[in-house]
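Hello,

Here is the structure we spoke about handing over. My notes on the pocket and the aromatic contacts follow.

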Amino acid sequence: MTTHDERLAAGPSSEGRSEAVEAGILRDQLADLSKCVFISMPVGTVLSALILVVQLISGGGLGAVLWFVAIALINGARLVLAVAQSGAADDRPEAVRARLSVYGLLALASGIAWSFLALLSDGYATAEAPLYLIVLAGASAGSVTYGTSYAPASINFITLPLLIAAGCVLAHGGVANYVLAFTIAMFLAGMVRGALIGQSRFRETGRLKYEAREFAAEMERNSRRDPLTGLLNRYGLEQAIGELGPSDGPFVAMLIDLDGFKSVNDTYGHNIGDGLLVKVARGIEDRAPQGATIARIGGDEFVLLFSAGGSSRPAGELASAIIAAIANPDPELNSVRVGASIGIYQAEKPRLTEMLLKADFALYAAKRGGRNEYCLFDAGLDAALERKNRIERDLRGAIENGALSSWFQPLVRLDTSAVVGFEALLRWSHEVHGAISPPEIVTAARETGLLSLLTETVFLNCCAMIGELMRQGRPDVRVAMNLSPRELEAGNVDDMILDGLKAKNVPAAMLEIEITEEAPVDRDRVGEKVGRLADAGISIVLDDFGTGFSTLVSLKDSRIRKIKIDKDFVRDLAKSVEDQAVVEAVIGLGRTLGIEVMAEGVETDADRMILRSLGCKIAQGYLFSAALPMRDALAFDAASAEVIFEPLRNPRSGTAA
């Protein structure tokens with residue numbers, strides 16, 4: 001099976017390129033020769049007419065007229081051939097060579113006719129002979145001048161007349177005639193050499209031109225192709241889709257992403273990883289419908305595009321076959337299992353950006369379902385994508401006009417019910433979609449490049465809260481904001497915070513920064529920035545301890561002053577002996593290392609009592625209060641307040657930067 005992208009990407013072989021170059025040169029030779037005939041033939045006819053006039057004046061008769069008619073007919077035939085060439089549709093090399101040969105034969109015929117000039121001048125012995133020799137030399141020179149592209153046309157014309165002229169002059173005897181004969185022979189040799197050199201240079205120029213074109217075309221083809229797999233790259237995919245018409249639709253786009261591929265490179269090296277990518281590419285080709293377009297657009301991302309009507313089986317069945325082929329264990333990869341997730345989108349018209357966007361959205365829906373899954377982009381995903389796009393589109397405006405704000409959830413001492421701190425949590429009530437969860441807000445900010453602006457907004461809100469606490473005479477209450485290691489690694493958040501504290505005259509000791517070890521990062525870079533913040537007096541808190549990438553190694557960092565036990569261990573703590581054991585162990589570690597320990601997600605009084613009995617001193621959760629607007633948070637009294645719930649039931653999920 002030959003796929004569309006193979007036909008598009010494959011270039012001609014070396015032999016094919018040579019043939020194409022030769023064909024182009026031949027066409028150029030024929031075109032140049034045909035163009036020059038329209039100049040040389042009229043000139044040749046005029047010169048032969050001049051000789052006819054001289055012959056008639058000097059007493060020549062029927063022979064001169066017949067000679068002129070013969071030359072005129074041959075010149076006319078050459079002109080007819082040139083006219084016919086301009087409209088010729090057959091440009092195959094063999095056809096072009098045949099037409100060039102006809103030119104050569106007509107040139108030979110013309111040369112034979114000009115040879116009879118020796119008879120008209122009695123072997124160049126008449127008084128007009130010098131004039132005839134001059135005209136013959138001029139015609140010969142003109143033939144070579146205007147026939148440089150194809151040497152046989154001029155050589156066939158000049159050789160016989162000049163040889164006969166030299167022989168006739170030589171036969172007359174005498175030193176002067178010997179010198180003249182030698183001169184004619186040398187002139188002939190020079191003309192032949194000039195014709196050959198002219199043709200050689202013409203062909204060399206043509207060769208360079210066509211090789212340059214072939215090289216440019218090959219570069220263009222290579223720019224469309226992935227050098228590793230031989231599939232199209234993204235640019236090639238764009239070109240291929242541009243060649244499709246709406247009448248070929250509907251179209252199915254599959255975005256195929258490998259699961260676990262990074263482990264192959266990490267475990268076995270990039271050579272094995274590259275080999276695996278080639279195998280995957282061949283596997284997709286083997287199962288792709290006839291005429292499908294296949295591309296590799298990322299490290300381990302492939303696109304399969306085909307007409308729905310051209311496939312013998314449904315898209316879901318084809319996706320399952322591709323997943324099964326990729327997930328089939330490779331004997332060379334004993335310790336790593338590679339799978340694939342596929343997002344599928346069907347469209348009436350081939351629009352690459354739309355197709356990839358929606359197939360990508362379906363792909364990540366498939367990934368949420370686990371490995372080796374596919375997902376069709378349907379109405380539900382369409383609504384979710386519209387929601388995502390609307391949130392991203394409106395986010396900047398919400399930040400700038402204050403629609404997106406920070407609410408503050410109290411942190412309470414379990415023994416005295418005193419409020420000892422607040423955690424800033426993002427809140428945004430969208431005009432269309434209602435309450436937007438913090439994870440959606442943070443994801444949208446990251447996608448739109450607004451994460452640093454969002455982080456700065458949360459920081460300024462924390463500074464405002466700290467300012468109000470200072471005015472109330474509560475310098476012992478801290479305000480916490482959340483930062484991800486990726487934010488610390490990528491940006492200059494540390495500079496922004498330290499400069500902001502100084503500019504607003506806010507004490508660093510009242511600010512806490514909660515860091516979740518959400519993903520492996522450049523620990524040295526993050527550690528350097530955390531060190532700057534900690535040295536300035538800011539309290540560093542390890543958030544969601546016990547989940548994600550949080551490890552016991554983190555507790556060895558002397559800059560960590562507090563850890564927060566994740567809500568998954570705290571919720572329904574009274575009913576789980578295992579969770580109680582984990583919480584007790586964490587509290588014991590904290591006490592041993594001199595690190596404060598607090599719990600989040602406390603929702604029942606029973607959980608509060610268990611935490612207190614285990615030695616936990618500080619907690620937060622719905623049992624005490626949900627997050628509150630700044631004014632309500634400042635007025636909150638945990639000792640006398642009833643439990644306050646807010647419409648958004650997930651206060652801790654994906655808190656802001």
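A residue is called buried here when its relative accessible area is under 20%. Both Tyr 345 and Phe 377 are buried in that sense. Please keep in mind that this is a predicted model.

Aromatic pairs

Searching the whole structure gives 3 aromatic pairs. One of them joins Trp 67 and Trp 114 in an edge-to-face arrangement, with 5.4 Å centre to centre and 80° between the planes. This pair connects distant parts of the chain: Trp 67 sits in helix α3 (residues 62-86) and Trp 114 in helix α4 (residues 93-115), 47 residues apart. Trp 67 has a relative accessible area of 5%, so it counts as buried. Trp 114 is also buried, at 2%.

Tyr 345 and Phe 377 form another edge-to-face pair, 5.4 Å centre to centre with 90° between the planes. Here too distant parts of the chain are linked, as Tyr 345 belongs to strand β4 (residues 339-347) and Phe 377 to the loop between β5 (374-376) and α14, 32 residues apart.

Trp 67 and Trp 114 also belong to one aromatic cluster together with Phe 157.

Largest pocket

The volume of the largest pocket is about 490 Å³. It is lined by 16 residues, and those closest to its centre are Phe 361, Arg 368, Lys 388, Glu 392 and Thr 443. Helices α13 (352-368), α14 (379-401) and α15 (438-448) each contribute at least two residues to this lining. The largest share, 6 residues, is from α14. By type, the lining has 8 nonpolar, 1 polar and 7 charged residues.

Regards

How values were computed
Residues are numbered from 1 along each chain as its sequence is written. This is a predicted model: local features need pLDDT of at least 70, side-chain atom pairs count only at pLDDT 80 or more; totals for chains, interfaces and linings use all residues. Side-chain values use heavy atoms; hydrogens and water are left out. On a 1 Å grid over the protein atoms alone, a cavity is a set of points where a 1.4 Å probe fits but cannot get out, and a pocket is an open set with protein on both sides within 12 Å along at least five of seven lines; lining residues have an atom within 4 Å of a point. Grid points are joined across faces, edges and corners, and a volume is the space filled by probe spheres set on the points. Helices (H or I, at least four residues) and strands (E, at least two) are DSSP runs, numbered from the N terminus. Ala, Val, Leu, Ile, Met, Phe, Trp, Tyr, Cys and Pro count as nonpolar, Asp, Glu, Lys and Arg as charged, and the others, Gly among them, as polar. Rings of Phe, Tyr and Trp (its six-membered ring) pair if their centres lie within 6.5 Å; planes under 30 degrees apart count as stacked, over 60 as edge-to-face and the rest as tilted. Buried means under 20% relative accessible area, exposed over 50%, partly exposed in between (1.4 Å probe, protein chains only).
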